[in-house]
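Thanks for coming. I will take one protein chain today and go from a single residue out to the whole fold. Please have a look at it first.

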Amino acid sequence: MAEAAKEKLRELEARCAEGSIPAEEAQTFLGWLIDSDGKYLAHMPEEEAEFVRLLVDGAGVAALDFQDPQHQGRTALLRALEAQRIGLFQALLDAGADPLLGDEQGCDCFTISSGFAWDSACLETCTEARL
């Protein structure tokens, strides 16, 4: 599966070389990153961060903050946190994702991470974003 992840990264690189990426296409890439074979990038942190960087270069930071109606209005940041993909969560934050955006119920990254006892650094990051 790592090969599929690398292939998707090459696909995104090629797509970025063609020019800007429309928002709908950016959401397709983000969906892949979070929901399917993209989970294998969790074991490849440099490639995962590169995927996020390329996506921002091609589609802009606003693509990261899209509140997906198919996922209760959650952004990529919230979905990464919910999936316990802390490396992806950090890569999205580093790329400029807004940690204060909430989902349809008003849950932001602090609310979601407060239910996780497994990562105090993540909760701390979310707490700092609220201040």
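Before anything else, one term: two residues are in contact when heavy atoms of theirs lie within 4.5 Å. Also keep in mind that this is a predicted model.

Now take L12. Which residues does L12 touch, leaving out those up to four places away in sequence? They are I21, F29, F51, L54 and L55.

L12 belongs to the largest nonpolar core, which has 36 residues. L12, L33, F51, F89 and L92 are the members that touch the most other members. As a general point, nonpolar side chains in soluble globular proteins tend to be buried together.

Where does this core come from? Two or more residues each are given by α1 (2–18), α2 (23–35), α3 (45–59), α4 (76–82), α5 (86–95), α6 (109–113) and α7 (120–130). The most comes from α2, with 6 residues.

On to the whole chain. The secondary structure is 7 helices and 0 strands. Of the contacts with a separation of 6 or more, 61% are between residues 24 or more positions apart. Buried residues are 44% of the 131 in the chain.

Is the chain compact or extended? For 131 residues, a compact globule would have a radius of gyration near 14 Å, and this chain has 14 Å, so the two agree. The C-alpha trace spans about 40 × 25 × 25 Å along its principal axes.

Last, the surface and the charges. The accessible surface is about 6,700 Å², and carbon and sulfur atoms hold 51% of that. There are 10 positive and 25 negative charges, and their mean positions are 4 Å apart.

Note on methods: Residues are numbered from 1 along each chain as its sequence is written. This is a predicted model: local features need pLDDT of at least 70, side-chain atom pairs count only at pLDDT 80 or more; totals for chains, interfaces and linings use all residues. Side-chain values use heavy atoms; hydrogens and water are left out. Helices (H or I, at least four residues) and strands (E, at least two) are DSSP runs, numbered from the N terminus. The radius of gyration is taken over C-alpha atoms; the globule rule is 2.2 Å times the number of residues to the power 0.38. Buried means under 20% relative accessible area, exposed over 50%, partly exposed in between (1.4 Å probe, protein chains only). Accessible areas come from the Shrake-Rupley method with a 1.4 Å probe; for residues, only the protein chains shown count as cover. Lys and Arg count as positive and Asp and Glu as negative; His and the chain ends are not counted. The place of a charge is taken as NZ of Lys, CZ of Arg, CG of Asp or CD of Glu. A nonpolar core is a set of buried Ala, Val, Leu, Ile, Met, Phe, Trp, Tyr and Cys residues joined through side-chain atoms within 4.5 Å.
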